[in-house]
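Good morning, and thank you for coming.

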Amino acid sequence: MVHRHARTARRAGLGALGALGALVLAALPANAGAEPAPTAGPVPGAAQTLGADRPSPQLLSALQRDLKLTPAQASERLVNEAEAGTRAGRLRNALGERFAGAWVRGATAKELTVATTDSDDVPAIEAEGATAMVVKRPLAELTAAKEKLDAAAGRVKTLDTPVWYVDVTKNRVMVQATSLAAGAAFIKAAGLQAEDVGIRATKDRPRLLKDITGGDAFYINDSARCSVGFSVTKGAQPGFVTAGHCGRAGDTTTGYDRTAQGSFQASTFPGEDMAWVATNAQWTPTPGVKAQDSQEVQVTGSVQALVGASVCRSGSTTGWHCGTIQQHDTSVTYPEGRVDGLTRTTVCAEPGDSGGPYLAGSQAQGVTSGGSGDCTAGGTTYYQPVNAILGDFGLTLTTAAAQATSPAPQDGTAQQWTEGRVYEAGTTVVRDGVRYQCLQTHQAQGAWAPAGTPALWQRL
């Protein structure tokens with residue numbers, strides 16, 4: 001039960017949010033209370049900030065093919081997804097502990113849905129142009145339940161329950177199991193009630209995708225092959241990120257042309273599936289990602305996309321394919337070990353696509369970990385989010401508008417806004433004496449200072 005004084009205070013806060021007016025899905029300036037941009041001209045909306053209004057022909061073509069869209073629908077979808085991310089972030093900050101998730105749906109991702117546990121929040125959600133859904137469990141409660149499954153997975157075998165995740169669209173935790181009995185046993189081992197967790201029975205078993213390259217090939221110790229994810233730097237040292245199961249620290253690499261390339265500097269697998277390779281002076285990091293017909297898509301940032309958003313993957317086995325994001329923070333058990341924190345997608349993949357990059361528009365999302373199915377009948381894939389790789393290893397993503405920088409330590413405390421740091425949604429920073437709250441998880445870039453980027457930051 002909400003106390004009267006707390007409810008009154010909350011209504012006052014949401015009233016201020018509603019006064020901002022609905023943010024339309026077109027790329028219009030948002031956040032009427034924000035500090036003006038330091039340069040002349042209008043403050044850019046999310047679509048302009050993230051480059052969603054300037055998609056590459058290769059991206060549009062793949063979206064049309066895989067999501068069955070017209071050219072106009074593909075363009076509209078990218079703009080809608082970018083704008084929805086900002087509106088969802090503002091509502092997440094306003095709802096606080098009552099926030100229960102956000103997602104987009106529809107052919108052009110026109111409908112943003114935001115879930116809350118309190119019906120009093122509906123007017124404020126609708127004032128932001130979103131559809132409100134009143135549910136039983138807040139996101140924090142669902143996350144806590146999944147963490148109990150994570151803990152149980154350290155005590156019991158999970159080969160017959162290989163996948164579990166929070167499904168915000170259903171407001172519940174889900175377990176993918178080979179049988180209902182196996183799912184029920186795992187739920188019981190976690191100390192959860194049957195009504196708290198859904199079971200999806202399927203014979204699909206995720207496997208790693210590492211034998212043939214996805215994107216540019218590289219070879220580990222002159223034998224195994226994997227694929228380049230995204231170019232990065234660490235200080236002045238160039239390199240790239242890839243899947244952790246591809247190699248261990250100290251393993252040497254050669255490039256697609258079999259010339260000396262570099263070595264693994266750090267690798268984590270299982271637990272997470274991330275690694276980075278430092279390259280020699282013969283290899284120059286670029287923001288390009290291979291698409292179809294030997295063309296490239298240029299990476300401009302790493303803003304995390306919403307559930308329901310479109311995402312495209314590059315891989316040499318199956319080429320350039322697109323789908324949608326189903327869930328974030330998914331746990332997967334492979335025969336080689338368990339990995340937490342993956343993102344589950346409808347993009348198809350096959351053995352050999354491992355380590356390749358995922359993009360939402362021009363925003364880097366992650367590198368291929370594994371999956372099930374294939375690109376003939378369709379399948380499911382999982383990627384390791386790139387922001388976690390950048391933050392854990394202290395790397396800077398190479399982007400089309402990159403500036404030299406070194407990431408700040410990821411200590412999680414209150415801080416000055418710092419270029420190169422990975423910020424999680426909800427984080428509060430100070431810039432030029434003004435406090436801002438992060439709307440969407442991303443790695444900060446020089447062109448994305450809070451005052452001029454209301455798509456990513458809300459002034460407090």
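Let me begin with a question: the backbone oxygen of which residue lies 3.1 Å from a polar atom of the side chain of R77? It is A107 whose backbone oxygen lies at that distance from the R77 side chain. Before I go on, please note that what you see is a predicted model.

Let us stay with R77 for a moment. This residue belongs to helix α4, which runs over residues 71-95. With a relative accessible area of 5%, R77 is under the 20% cut-off and therefore counts as buried. Its side chain also reaches the backbone oxygen of G106, at 3.2 Å. If we set aside the neighbours within four places in sequence, the contacts of R77 include L67 and L69, then G106, A107, T108 and A109, and also G308, A309, S310 and T324.

I now turn to the helix that precedes this one in my account, α3. Helix α3 covers residues 57-67, and its buried residues are Q58, L59, L60, A62 and L63.

After α3 comes K68, with a positive phi near 60°. K68 sits in the loop between α3 and α4. Most residues other than glycine have a negative phi. K68 has its positive phi although it is not a glycine. Is K68 buried or exposed? At 67% relative accessibility, K68 counts as exposed.

N171 is not a glycine either, and its phi is positive, at about 55°. N171 is found in the loop between β4 (163-167) and β5 (172-177). N171, however, is buried, with a relative accessible area of 8%.

There is also a matter of peptide bonds. Most peptide bonds are trans. Between F269 and P270, the peptide bond is cis, with omega at about -5°. P270 lies in the loop that connects β13 (260-268) with β14 (274-279).

Next, I ask you to look at helix α6. Helix α6 spans residues 139-153, which makes 15 residues, and reaches 21 Å from its first C-alpha to its last, close to the 21 Å expected at 1.5 Å a residue. Its buried residues are L139, L142, A145, K146, L149, D150, A152 and A153.

D121 is buried, and its relative accessible area is 0%. The side chains of D121 and T116 are joined by a polar contact of 2.6 Å. D121 and L95 are 26 residues apart along the chain, and their C-alpha atoms are separated by 7.6 Å.

The other is T453, in the loop between β28 (442-443) and β29 (457-459). T453 counts as buried, at 1% relative accessibility. A polar atom of the T453 side chain lies 2.7 Å from the backbone oxygen of A449. Not counting residues up to four places away in sequence, T453 touches T49, A447 and W448.

Finally, let us step back to the whole protein. The secondary structure comprises 8 helices and 29 strands. Of the 460 residues, 56% are buried. Among contacts with a separation of 6 or more, 61% are between residues 24 or more positions apart. The accessible surface comes to about 18,200 Å², and 52% of that belongs to carbon and sulfur atoms.

In soluble globular proteins, nonpolar side chains tend to be buried together. In this model, the largest nonpolar core has 51 residues, and those with the most contacts inside it are F230, V241, W276, W320, L359, L395 and W457. Apart from that core lies another, of 36 residues, including A88, L112, A145 and V175. You will recall A145 from the buried residues of α6.

That concludes my presentation, and I thank you for your attention.

Key:
Residues are numbered from 1 along each chain as its sequence is written. This is a predicted model: local features need pLDDT of at least 70, side-chain atom pairs count only at pLDDT 80 or more; totals for chains, interfaces and linings use all residues. Side-chain values use heavy atoms; hydrogens and water are left out. Helices (H or I, at least four residues) and strands (E, at least two) are DSSP runs, numbered from the N terminus. The expected span of a helix is 1.5 Å times one less than its number of residues. Buried means under 20% relative accessible area, exposed over 50%, partly exposed in between (1.4 Å probe, protein chains only). A polar contact is a pair of N or O atoms within 3.5 Å; within protein, one must be able to donate a hydrogen and the other to accept it, and residues adjacent in sequence count only if both atoms are side-chain atoms. Contact means heavy atoms within 4.5 Å. Accessible areas come from the Shrake-Rupley method with a 1.4 Å probe; for residues, only the protein chains shown count as cover. A nonpolar core is a set of buried Ala, Val, Leu, Ile, Met, Phe, Trp, Tyr and Cys residues joined through side-chain atoms within 4.5 Å.
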